[in-house]
Amino acid sequence: MSLTIPEPDHFASTPGKGIRCTGGATTIVVGSRSFLEKETMDLTTLPAPRAGSTEVCVAVDRRVLGVILIEDELRANAANVVAELHCM
């Protein structure tokens with residue numbers, strides 16, 4: 001399977017918030033919930049934020065398609081590593 005993704009006509013990123021790009025008549029916005037809210041997107045269809053997750057919301061042509069949740073499990077030795085870092 002092959003997927004061809006054309007170069008966007010315009011691309012803008014806001015570090016730590018999200019990206020906005022346009023190609024032809026299509027606009028894609030990917031980023032935090034607050035980033036999409038600033039783009040005046042209707043986020044009422046999204047589930048409530050889940051504690052401990054990082055959300056990445058996706059919208060195409062002002063239509064919110066969904067949210068990707070990113071989670072990272074703490075390692076068993078995390079507390080020891082942090083304690084060692086504090087001792088440095």
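**Close-up 1. Strand 4 pairs with strand 5 in the antiparallel sense.** Strand 4 covers residues 54-60, strand 5 covers residues 63-70, and seven bridges link them. Two strands count as paired if DSSP finds at least two bridges between them. Helices (H or I, at least four residues) and strands (E, at least two) are DSSP runs, numbered from the N terminus. Val-58 has Gly-66 in strand 5 as its bridge partner. This is a predicted model: local features need pLDDT of at least 70, side-chain atom pairs count only at pLDDT 80 or more, and totals for chains, interfaces and linings use all residues. Residues are numbered from 1 along each chain as its sequence is written, and side-chain values use heavy atoms, with hydrogens and water left out.

**Close-up 2. Two residues sit between strand 4 and strand 5 in their hairpin.** Asp-61 lies in the loop between these strands. Its phi is near 50°, a positive value in a residue other than glycine. Arg-62 lies in the loop between strand 4 and strand 5 too. Arg-62 has a positive phi of about 70°, although it is not a glycine. Most residues other than glycine have a negative phi. Arg-62 counts as partly exposed at 48%. The cut-offs are these: buried means under 20% relative accessible area, exposed over 50%, and partly exposed in between (1.4 Å probe, protein chains only).

**Close-up 3. Strand 2 pairs with strand 1 and with strand 3.** Strand 1 (residues 10-14) and strand 2 (residues 18-23) run antiparallel over five bridges. Here Ala-12 stands opposite Arg-20 in strand 2. Their hairpin has three residues between the strands, and Gly-16 takes a positive phi near 80°. Strand 2 and strand 3 (residues 26-31) are antiparallel as well, over six bridges. Cys-21 has Ile-28 in strand 3 as its bridge partner. The hairpin of strand 2 and strand 3 has two residues between them, and Gly-24 in the turn has a positive phi of about 65°.

**Close-up 4. The largest nonpolar core has nine residues.** They are Val-29, Phe-35, Leu-36, Met-41, Leu-43, Leu-46, Cys-57, Ala-59 and Val-64. Helix 1 (33-38) and strand 4 each supply at least two residues of this core. A nonpolar core is a set of buried Ala, Val, Leu, Ile, Met, Phe, Trp, Tyr and Cys residues joined through side-chain atoms within 4.5 Å.

**Close-up 5. Leu-36 is found in helix 1.** Which residues does Leu-36 touch, not counting residues up to four places away in sequence? They are Val-29, Val-30, Gly-31, Met-41, Leu-43, Cys-57, Val-58, Ala-59 and Val-64. Contact means heavy atoms within 4.5 Å. Leu-36 counts as buried because its relative accessible area is 0%. Leu-36 and Arg-50 are 14 residues apart in sequence and 17 Å apart in space, C-alpha to C-alpha.

**Close-up 6. Val-81, Leu-85 and Met-88 make a nonpolar surface patch of about 350 Å².** Met-88 lies in the segment after helix 2 (78-87). Met-88 counts as exposed because its relative accessible area is 80%. Patch residues have over 30% relative accessible area and no salt bridge; like charges are joined within 9 Å, nonpolar side chains (Val, Leu, Ile, Met, Phe, Trp, Tyr) within 5 Å. A salt bridge is a side-chain nitrogen of Lys or Arg within 4 Å of a carboxyl oxygen of Asp or Glu. Accessible areas come from the Shrake-Rupley method with a 1.4 Å probe; for residues, only the protein chains shown count as cover.
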